[in-house]
Amino acid sequence: MTKQESIHRLLNPGVVAVIRADSSAQLLNICTALADGGVTGMEITMTTPNALEAIKEVTTALGSRIYMGVGSVIDATTARLAILAGAEFVVTPITKEEIIRCCNRYSKPIVCGAYTPTEAINAYELGADFIKIFPADGLGPNYIKAIKAPMPQLQIIPTGGVDVNTCADFIKAGCAAVAAGSSLLKKDLVEKQDWKGLSALAAQFVENVAQARASLKK
């Protein structure tokens with residue numbers, strides 16, 4: 001897969017599931033349910049026990065049905081190990097040049113964390129493909145819109161504060177895609193192993209993002 005093909009998969013359908021689990025036992029079921037609902041982009045965070053093994057297991061089982069990445073990466077060594085384990089993209093909550101260089105070396109998309117306009121443009125100029133505005137909880141879509149006005153070149157993926165009701169607003173504000181963790185992987189659904197319910201919620205995220213994108217083209 002070329003880097004441009006990878007970026008296309010990351011942006012379509014435009015919803016990235018952030019999987020931060022206490023145990024890796026149910027990850028395959030979770031990822032399958034997400035894929036059944038149309039959310040194919042997902043990242044298993046490095047805070048998940050046995051994260052690298054989980055990435056291998058899920059990518060082997062689901063193959064091209066999903067587009068698997070790794071999250072919560074804070075150094076280049078971890079990024080490299082995750083890529084070798086099968087991660088197709090890397091997400092970090094910070095901006096660190098060594099991680100960007102590593103991902104560029106392997107032609108893997110890199111999503112770097114930033115909070116302020118200065119941090120965002122610095123990440124972009126260092127070679128980040130996407131800017132993860134994080135945490136976006138207290139900022140909201142209007143903040144994204146304000147950043148994009150003078151810096152339209154930024155491809156922003158917000159994390160935090162994104163749920164099934166707000167994801168469309170973030171897209172309309174200029175985000176390239178959205179990332180959702182606990183608002184998508186709802187604790188009660190996972191605890192009850194309600195995989196159909198998780199698939200239905202994933203499908204609603206996908207539909208809301210698609211409708212928001214369509215509205216921008218009118």
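# A walk through the predicted model

Sorted by class, the residues lining the largest pocket come out as 11 nonpolar, 8 polar and 5 charged. (Here Ala, Val, Leu, Ile, Met, Phe, Trp, Tyr, Cys and Pro count as nonpolar, Asp, Glu, Lys and Arg as charged, and the others, Gly among them, as polar.) Before going further, keep in mind that this is a predicted model, where local features need pLDDT of at least 70 and side-chain atom pairs count only at pLDDT 80 or more, while totals for chains, interfaces and linings use all residues. Residues are numbered from 1 along each chain as its sequence is written, and side-chain values use heavy atoms, with hydrogens and water left out.

Back to that pocket. A pocket is an open set of points on a 1 Å grid over the protein atoms alone, with protein on both sides within 12 Å along at least five of seven lines; a cavity is a set of points where a 1.4 Å probe fits but cannot get out, and lining residues have an atom within 4 Å of a point. The largest pocket holds about 660 Å³ of space, a volume being the space filled by probe spheres set on the points, with grid points joined across faces, edges and corners. Its lining runs to 24 residues, and those nearest the centre are Arg20, Ala21, Gly181, Ser182 and Leu185. Strand S1 (15–19), helix H2 (27–36) and helix H9 (187–191) are the elements that give two or more residues to this lining. H9 supplies the largest share, 3 residues. Helices (H or I, at least four residues) and strands (E, at least two) are DSSP runs, numbered from the N terminus.

Now look at H2 itself. Its buried residues are Leu27, Ile30, Cys31, Ala33, Leu34 and Ala35, where buried means under 20% relative accessible area, exposed over 50%, and partly exposed in between (1.4 Å probe, protein chains only). They pack against S1, strand S2 (41–45), H3, S3, H9 and H10. After H2 comes glycine 38, with a positive phi near 100°.

H10 (residues 195–216) is a helix of 22 residues that reaches 32 Å from first C-alpha to last, close to the 32 Å expected at 1.5 Å a residue; the expected span is 1.5 Å times one less than the number of residues. Among its buried residues are Trp195, Leu198, Leu201, Phe205 and Val209. The buried residues of H10 pack against S1, H2, helix H8 (167–172), strand S7 (178–180) and H9.

What about charged pairs? The structure holds 4 salt bridges, each a side-chain nitrogen of Lys or Arg within 4 Å of a carboxyl oxygen of Asp or Glu. In one of them, aspartate 129 pairs with lysine 3, with the closest N and O atoms 3.1 Å apart. That pair links distant parts of the chain, 126 residues apart: aspartate 129 sits in the loop between helix H6 (117–126) and strand S6 (130–133), and lysine 3 in helix H1 (residues 3–11). Another joins arginine 65 and aspartate 36 at 2.6 Å, N to O. Arginine 65 lies in the loop between helix H3 (51–62) and strand S3 (67–71) and aspartate 36 in helix H2, so the bridge ties together parts 29 residues apart in sequence. Arginine 65 counts as partly exposed because its relative accessibility is 37%, whereas aspartate 36, at 51%, counts as exposed. Arginine 101 and glutamate 97 also meet in a salt bridge, at 3.7 Å, N to O. Both lie in helix H5 (residues 97–105), 4 residues apart, about one turn of the helix.

Most residues other than glycine have a negative phi, and most peptide bonds are trans. Asparagine 12 and proline 13 are joined by a cis peptide bond, with omega about 15°, and proline 13 is in the loop between H1 and S1. Phenylalanine 134 and proline 135 are likewise joined by a cis bond, omega about -10°. Serine 72 is not a glycine, yet has a positive phi of about 60°; at 19% relative accessibility, serine 72 counts as buried.

Key: Contact = heavy atoms within 4.5 Å.
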